[in-house]
Amino acid sequence: MLRILQPHFPKRLLCLPPLSNPQTICTNASSTTAVALPLPANSAAYVHLPFCRKRCHYCDFTIVALGSTTNSDSDPRISNYTKLLLREIHATEPNSDSDPLLKTIFFGGGTPSLVPPHLISDILDSLRSKFGISSDAEISIEMDPGTFDASKLDELLRLGINRVSLGVQAFQEELLRVCGRSHGLSEVEEAIGIMKSADGLANWSLDLISSLPNQSLEMWEESLTCAVAAQPNHISVYDLQVEQGTKFGYLYTPGEFPLPTVNQSADFYKKAAGNLPREGYEHYEISSYCKSGFECKHNQTYWQNRPFHAFGLGAASYINRTRFSRPKRMKEYTNYVENLENGSVADASSASVDLKDLAMDVVMLSLRTARGLDISSFVGKFGWDLTASLCKAFEPYVESGHVIGLDVKRKALPRSDFELGRDSDTQLAFIRLSDPHGFLLSNELIAIAFRSMSP
Amino acid sequence: MALLQQVSKSTIPSFQRILPFLTTVGNVRGFSAQSNQGSKETGVDLSQFPPERIRNFSIIAHVDHGKSTLADRLLELTGTIKKGIGQPQYLDKLQVERERGITVKAQTVTMFYRQSEDAPAYLLNLIDTPGHVDFSYEVSRSLAACQGALLVVDACQGVQAQTVANFYLAFESNLTIIPVINKIDQPTADPDRVKVQLKSLFDLNPDSALLTSAKTGCGLEHVLPAVIAQIPSPSGNSNSPLRMLLLDSYYDEYRGVICHVAVVDGVLCRGEKISAAATGKVYEVSDIGIISPELKSTGILFTGQVGYVVSGMRSTKEARVGDTLSHAHTLVEPLPGFKSAKHMVFSGLYPSDGSDFDALNHAIERLTCNDASVSVTKETSMALGIGFRCGFLGLLHMDVFHQRLEQEYGAQIISTIPTVPYEFEYSDGSKVRVQNPSELSSSPSKRVTECWEPSVIATIITPSEYVGAVITLCSERRGEQLDYSFIDSQRALMKYRLPLREIVVDFYNVLKSITSGYASFDYEDGEYQKSDLVKLDILLNGQSVDAMASIVHNLKAQRIGREFVDKLKKFIDRQMFEITIQAAVGSKIVARETITALRKNVLAKCYGGDVTRKRKLLEKQKEGKKRMKRIGSVDIPQEAFNELLKVS
């Protein structure tokens with residue numbers, strides 16, 4: 001932690017201008033390439049459990065479809081994969097002494113709830129012995145309706161899992177079918193019942209997808225209402241992305257029938273952004289809503305661009321400022337683990353990370369959140385010039401209401417105060433995208449920000 | 001002369017008496033270890049070729065009538081290039097020439113030919129010419145070095161508009177014309193009909209026409225004997241002081257400027273000093289030789305010969321095409337030059353990304369080194385920043401220049417709407433020539449009292465069933481019929497006076513399409529004519545965009561304004577704000593469209609923290625923005641500018 005509080009800049013990167021606070025200004029940052037910023041502590045781990053009954057029609061993520069006939073409790077593909085996963089964890093460099101224990105763990109998939117709890121237990125044991133797990137760690141698992149019962153959930157909770165993300169996606173039988181989900185509405189209701197009645201589950205989230213084929217605004221409102229009625233602490237609302245190579249990709253073109261028009265999907269988004277806060281869910285990230293204090297801590301790692309471990313097929317880690325995606329094919333992943341064990345995988349090194357790249361990641365991720373971009377921290381890391389050109393690029397969008405400048409007390413600043421002064425009079429403390437208009441156009445706005453930073 | 005012979009003996013080590021005259025020569029471009037000149041010395045004794053054993057000729061034809069193929073065959077026949085080796089259309093060196101099947105740059109090649117074993121050897125210079133109207137300037141330049149021309153006519157298509165134009169160019173240059181009816185192997189070939197056309201249009205003796213198929217080789221054996229028999233030898237005097245015509249020049253990265261020259265009188269040797277009549281500058285000849293088909297150093301060029309000279313010129317700007325070169329400090333009467341390039345079409349050229357200005361500047365500088373026919377001046381646009389106003393010989397010339405900038409120099413450019421040079425007189429009596437619509441005052445205090453626009457005299461030859469459609473087209477384009485006659489029972493020849501503006505954009509394409517591709521078209525410069533012209537402004541969100549302004553005829557302003565607005569609406573993506581697009585003449589809006597604001601562009605999910613994928617997507621989106629030009633708050637893709645160019 002000491003390292004974070006006392007940034008250590010090599011002299012050639014730091015050019016101190018007069019009249020400025022030397023600790024936070026690095027004027028020539030935009031022209032430098034090497035990173036001399038302190039590394040934040042790594043206290044998060046993502047574990048990929050790729051197994052699904054079958055592939056959903058919109059999904060292009062790394063999964064392994066098991067088929068519906070086998071019993072997942074004894075499927076050797078799952079147990080063999082888990083062994084591989086344990087070997088990967090074991091072969092991974094441990095954190096240094098100064099690194100804290102794991103504060104968040106996220107079992108993502110795939111459908112992690114297909115993995116028998118005793119294997120989850122093995123994984124947690126392995127993580128515990130390698131990195132240590134903080135006693136108040138958030139440990140999340142994704143679960144799909146129809147893949148668990150009350151006792152399975154109970155077992156998982158007893159292992160220390162304390163947060164569930166339930167993949168509901170829709171509350172209409174026909175939409176579930178269109179999506180190719182391996183469950184129907186009755187499984188959804190059963191699963192919600194299990195969540196509500198589970199002892200010791202104080203934190204769970206419900207996932208919905210908007211802009212599905214043939215989805216009407218009425219259906220969407222119904223889904224939102226049902227989601228609220230289920231009383232989760234957290235709701236994720238994803239706007240459908242039609243990915244190449246998926247069944248949807250073959251069948252549909254975004255914005256064209258039977259998919260909703262762009263205007264309709266914007267209305268869906270606005271409906272969620274309007275209704276959910278009325279029910280007490282804060283819109284804290286582009287697609288995330290939660291009751292106060294129930295933000296997903298693990299995802300905060302991503303939005304704040306902090307490092308995280310990742311294990312498993314196709315999983316993406318971010319260590320020493322290096323993003324690394326593991327192989328997506330089982331055979332190559334197996335080779336990767338073997339190489340890791342015999343030491344022939346090069347250690348991720350931070351030597352050649354581009355400062356501007358890092359700045360762009362920070363902008364991209366922080367603008368997804370309601371908190372927005374922290375200006376003084378950004379200036380401190382990436383320099384005044386880069387920040388100023390970003391502000392300049394956003395000026396017209398402050399005018400149009402897509403971007404909001406906030407002061408330290410998070411009070412919105414008038415258009416005239418949206419500027420980055422060189423003195424301490426500057427009121428601008430945060431930049432965020434407005435909800436819903438700025439969020440709805442976040443890609444445009446972030447691309448505009450990118451262009452200003454790296455013309 | 002004694003000195004000369006000494007030089008030639010010392011520089012030419014051995015001379016072979018039998019053909020081929022050339023020692024085996026590899027690729028002579030670039031550096032050679034044995035020669036400090038860069039070209040390999042060859043065993044060619046040019047002194048063997050006095051003017052009476054030299055013929056300088058070119059091939060002129062309508063596009064696609066087989067000119068380049070015939071040239072290839074003649075090069076093969078004389079052993080200048082090996083049959084089947086190298087690429088077809090040998091003389092079309094530029095990528096753009098090959099892609100479009102057109103010749104842009106004139107090329108020269110020297111061939112050695114002997115009709116039989118014991119017949120004397122001849123030196124034949126073939127000067128290839130471009131086949132498009134825009135490049136008639138290049139044609140007249142090439143013809144200045146010739147005494148005769150092969151007029152190639154397609155046996156199926158017969159005489160076409162360019163045949164007519166090129167015939168007159170050659171005829172006016174007093175060249176001996178040998179008609180060649182080509183493609184006689186084709187099933188629809190009708191050489192007799194072509195003979196009738198040649199007689200009726202050009203008064204050429206039908207019996208003198210050669211019948212050939214450059215494709216099969218049929219009849220080719222008669223071509224070069226006819227050249228020798230009918231075309232006069234160059235008329236220069238070898239004892240007079242040196243006079244050379246500078247035919248062309250290009251810039252070679254390693255050797256500097258290489259001039260193509262025709263020695264009219266006298267002799268030139270390597271090491272001698274020459275001066276240019278136009279500039280008075282003196283240069284030392286560091287290399288001299290023939291082009292056969294690559295540069296072959298000979299150390300000397302004699303009267304009547306055509307070849308190249310390297311003389312340490314730094315830029316092709318010093319080598320004024322049409323200039324007379326002579327020995328330094330020797331007074332000679334300059335040769336009559338030839339028609340200088342006349343710029344008919346002007347447009348602004350801007351880097352598609354503002355920061356690329358230096359790259360574009362460099363590319364244009366390099367390219368104009370080899371295409372001196374483009375005029376370039378710097379200009380500034382409010383919308384597009386710093387760029388260039390370029391003058392071109394015609395629209396194809398402009399297109400070719402754009403394409404070469406992109407292909408050969410990787411330049412990404414935005415071109416403004418091409419304009420022709422108009423003349424305006426204001427109420428205060430001042431008169432201006434306007435090459436850029438934004439120069440035309442929009443201020444009401446400076447009222448335009450009169451205006452003039454350039455016109456052309458167009459020749460159109462079309463099968464008679466399309467005459468009606470052609471007349472309709474020409475009158476839509478404000479044409480005035482000057483002549484209408486039949487060149488045979490099926491073909492009509494029409495002459496029109498047309499405003500240049502009306503043919504600049506898509507006249508030829510439309511003409512082709514309404515005549516199923518059968519009509520041919522060519523034009524020559526006409527006079528300035530009084531007209532009723534207005535400035536058509538394009539406004540984005542109420543702001544006039546100077547780079548999109550154009551000058552149009554008053555009666556067409558509304559239609560063209562509507563087309564511009566529609567094109568822009570189609571090619572500008574929805575953006576964060578609503579965009580209004582307007583076309584206006586003065587304060588009067590003639591067309592208007594709105595692009596509604598973008599509603600949604602969001603990536604909802606970040607799978608398992610895999611932000612690289614998202615980042616890539618946004619990077620791509622950013623790159624897309626980069627390729628756009630931002631005007632005010634509106635991002636305009638390059639295509640939108642390109643589409644505007646297509647509106648007639």
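Residues 24 or more positions apart supply 70% of the contacts in chain B with a separation of 6 or more. The model is predicted. Chain B has 648 residues, of which 58% count as buried, and its secondary structure comes to 15 helices and 33 strands. Chain A has 455 residues, of which 56% count as buried, and it contains 16 helices and 16 strands.

**Chain totals**

- In chain A, residues 24 or more positions apart account for 70% of the contacts with a separation of 6 or more.

**Six-stranded sheet of chain B**

- Six strands of chain B form an open sheet with mixed pairing, in the order β2-β3-β1-β4-β5-β6.
- The edges are held by β2 (107–114) and β6 (210–211) of chain B; each has a single partner strand, so one side of each is left without a neighbour in the sheet.
- Helix α2 (residues 67–77) of chain B packs on this sheet, where it touches β1 (54–61), β2, β3 (121–128) and β4 (148–154) of chain B.
- The direction of helix α2 makes about 150° with that of β1(B).
- Strand β5 (residues 176–182) of chain B pairs with β6(B) in the parallel sense over two bridges.
- B:Leu211 in β6(B) is the bridge partner of B:Ile181.

**The loop between β2 and β3 of chain B**

- B:Pro120 is located in the loop between β2 and β3 of chain B.
- With a relative accessible area of 41%, B:Pro120 is partly exposed, because partly exposed covers the range between under 20% (buried) and over 50% (exposed).
- Leaving aside residues up to four places away in sequence, B:Pro120 touches B:Arg53, B:Tyr113 and B:Arg114.
- B:Pro120 and B:Phe49 are separated by 71 residues in sequence, and their C-alpha atoms are 9.8 Å apart in space.

**Four-stranded sheet of chain B**

- A second open sheet of chain B consists of four strands with antiparallel pairing, in the order β18-β19-β17-β20.
- Strands β18 (375–381) and β20 (413–415) of chain B are the edge strands, and each pairs on one side only.
- On average, neighbouring strands of this sheet are turned by 30° against each other, direction ignored.
- Strand β17 (residues 345–351) of chain B pairs with strand β19 (residues 385–392) of chain B in the antiparallel sense over five bridges.
- Within this pairing, B:Leu349 stands opposite B:Phe388 in β19(B).
- Helix α9 (residues 395–409) of chain B packs on the sheet and touches β17, β19 and β20 of chain B.
- The direction of helix α9 makes about 20° with that of β17(B).

**An enclosed strand in chain A**

- All six of the six residues of strand β8 (residues 234–239) of chain A are buried, so this strand is largely enclosed by the rest of the structure.
- In a regular strand, side chains alternate between the two faces of the sheet.
- Both faces of β8(A) are covered: A:His234, A:Ser236 and A:Tyr238 are buried on one side, as are A:Ile235, A:Val237 and A:Asp239 on the other.
- Strand β7 (residues 204–210) of chain A pairs with β8(A) in the parallel sense over six bridges.
- A:Leu206 stands opposite A:Ile235 in β8(A).

**Nonpolar surface patch of chain B**

- B:Ile471, B:Tyr484 and B:Phe486 make a nonpolar surface patch of about 270 Å².
- B:Tyr484 belongs to strand β24 (residues 480–486) of chain B and is partly exposed, with a relative accessible area of 37%.

**Backbone features**

- A:Gly109 and A:Gly110 are joined by a cis peptide bond with omega of about 15°; A:Gly110 lies in the loop between β4 (102–109) and α3 (117–131) of chain A.
- The peptide bond from A:Phe257 to A:Pro258 is also cis, with omega near 5°, and A:Pro258 is in the loop between α8 (247–251) and α9 (262–278) of chain A.
- A:Asn305 is not a glycine, yet it has a positive phi of about 55°.
- A:Asn305 is found in the loop between α10 (297–303) and β11 (309–311) of chain A and is buried, with a relative accessible area of 8%.
- B:Asn541, likewise not a glycine, has a positive phi of about 50°.
- B:Asn541 lies in the loop between β27 (533–540) and β28 (543–544) of chain B and counts as partly exposed at 31% relative accessibility.

Definitions and conventions. Residues are numbered from 1 along each chain as its sequence is written. Chains are lettered from A and ligands numbered from 1 in the order in which they are written. This is a predicted model: local features need pLDDT of at least 70, side-chain atom pairs count only at pLDDT 80 or more; totals for chains, interfaces and linings use all residues. Side-chain values use heavy atoms; hydrogens and water are left out. Two strands pair if DSSP finds at least two bridges between them. Contact means heavy atoms within 4.5 Å. Axes are lines fitted to C-alpha atoms, for helices over the stretch in contact, and angles run from 0 to 180 degrees between N-to-C directions. Patches are made of residues with over 30% relative accessible area and no salt bridge: like charges are joined within 9 Å, nonpolar side chains (Val, Leu, Ile, Met, Phe, Trp, Tyr) within 5 Å. Accessible areas come from the Shrake-Rupley method with a 1.4 Å probe; for residues, only the protein chains shown count as cover. A salt bridge is a side-chain nitrogen of Lys or Arg within 4 Å of a carboxyl oxygen of Asp or Glu. Buried means under 20% relative accessible area, exposed over 50%, partly exposed in between (1.4 Å probe, protein chains only).
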